[in-house]
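Trainee: Can we go through this structure together? I would like to learn how its parts meet.

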Amino acid sequence: MSAATDRTTRFTPAQKQQLRRRLLAWYESHARDLPWRRSSDPYQVWISEVMLQQTQVATVRDYFERFIRKLPTVERLAAADEQDVLRLWEGLGYYRRARQLHAAARQIVSQHNGELPEDVEALKSLPGIGRYTAGAIASIAFGRRAPILEANTIRLLSRLIAYRGDVTKSEGQRLLWQVAEEILPRENVARFNQALMELGSLVCTPSEPHCDECPVRPVCAANSANLQHVIPRAKPKQTFTQLHEAAVVVRKNGSVLLRQCGPSERWAGLWDFPRFAVEGEGPLFAQQEIVAKVRDQTGVTCALGTLLKTLKHGVTRYRIILDCYRAEFVGGRVKPRSDAGICWVALPQLGDYPLNATGRRIASFTELARVQSTDY
Ligand code: SF4
């Protein structure tokens, strides 16, 4: 460890005591009543921690309760069909999390007798469980003395030690993991780790931290140097790539054509309407291209109809303009695929299929059109 690193991590024993005492007392009166905090069932802790990765607490609440209602145990999750797991996850995004959760449940049943392991290293050997999630499960569910580091605690800890380096780089990460470990109490680790995350989420907020209300202000180096607005260092601005795509609702006798996204595609495992990039400029050229691409993708020939809607949405670093068309089946047979499904689905059955977010929006206005028009 470098001299600078050593200097920044050093809390005196008295400061550590003060930090723990103040933080735990604050949590006692400020902890939010969240559904996953009502139980220390390791399964529920695990599900909530995976859902909370990259998703806001307010969004996760309903998803969590519905998921636990439908799949209340590891065994039930392991025995579920992957499509049902994806349907429960639909709208949460980052669907790889759901597929890995399902794979991990199967591994827990086959290798750990249906019990989540308590040990961080054993937890990390499961699909989708990294150092943070393993630390959260080990500490919150089993009271193990394991550190955690996620978005809220990265911000909080980097301010507590006034770390001005890049928290996304390995040196910054190493240092913050070390701080997270150094400040852990011997007891009450579950509450302490949850309190750190809660303080980061409610008080030590990204742009306007509420230092006046902060219980750990007396030990905060960023606050005493008035650096809380510049720590952690701002990330470089993301640059976006624009894409133009088309999705086509091909209709045949009250059914529409759906295809499942293949293992190497965006939204692997989920279903969507035939969808692809559009390169042609001008309505006629684009029309021919779209009909040809539907045929290539599905084996079906269609007559392109009107533009139903244009949706704008973002996926990772892409900003996508998606033109949604209606089309009529003309001929051809659905081309079977070895790695994913493709089929005609009656409109009332669209709700049974896990669709990506734009697929669900297209389904909802397609359904609406069916109700409003005898044409469907
Ligand atoms: Fe964050 Fe301010 Fe508290 Fe420091 S004093 S931990 S910057 S809220």
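**Where the domains meet**

Mentor: Six residues of domain 1 are in contact with twelve residues of domain 2. Keep in mind that this is a predicted model.

Trainee: Which residues does each domain span?
Mentor: The protein is divided into two parts. Domain 1 runs over 3-224, and domain 2 covers 241-372.

Trainee: How far apart are the centres of domain 1 and domain 2?
Mentor: Take the centres over C-alpha atoms. The separation between domain 1 and domain 2 is then 38 Å.

Trainee: How much area do domain 1 and domain 2 bury between them?
Mentor: The size of an interface is often given as the accessible area lost when the parts come together. Here, 51% of the buried area is on carbon and sulfur atoms. The area that domain 1 and domain 2 bury is about 750 Å².

Trainee: Which residues in domain 1 lose the most area to domain 2?
Mentor: Three residues together make up 57% of what that side buries. They are Gln83, Arg87 and Glu90.

Trainee: Which residue forms a salt bridge with glutamate 90?
Mentor: The rule finds one salt bridge across the interface of domain 1 and domain 2. The cut-off is 4 Å, from a side-chain nitrogen of Lys or Arg to a carboxyl oxygen of Asp or Glu. For glutamate 90, the closest N and O atoms are 2.6 Å apart, and the partner is arginine 360.

Trainee: Which helix gives the largest share of the side of domain 1 that touches domain 2?
Mentor: By class, that side has two nonpolar, one polar and three charged residues. The largest share is three residues, and they come from helix H6 (residues 82-89).

How values were computed:
Residues are numbered from 1 along each chain as its sequence is written. This is a predicted model: local features need pLDDT of at least 70, side-chain atom pairs count only at pLDDT 80 or more; totals for chains, interfaces and linings use all residues. Side-chain values use heavy atoms; hydrogens and water are left out. Domain bounds come from an automatic or database domain assignment. Contact means heavy atoms within 4.5 Å. Buried area is the accessible area (1.4 Å probe) that two parts lose on being put together, summed over both. Helices (H or I, at least four residues) and strands (E, at least two) are DSSP runs, numbered from the N terminus. Ala, Val, Leu, Ile, Met, Phe, Trp, Tyr, Cys and Pro count as nonpolar, Asp, Glu, Lys and Arg as charged, and the others, Gly among them, as polar.
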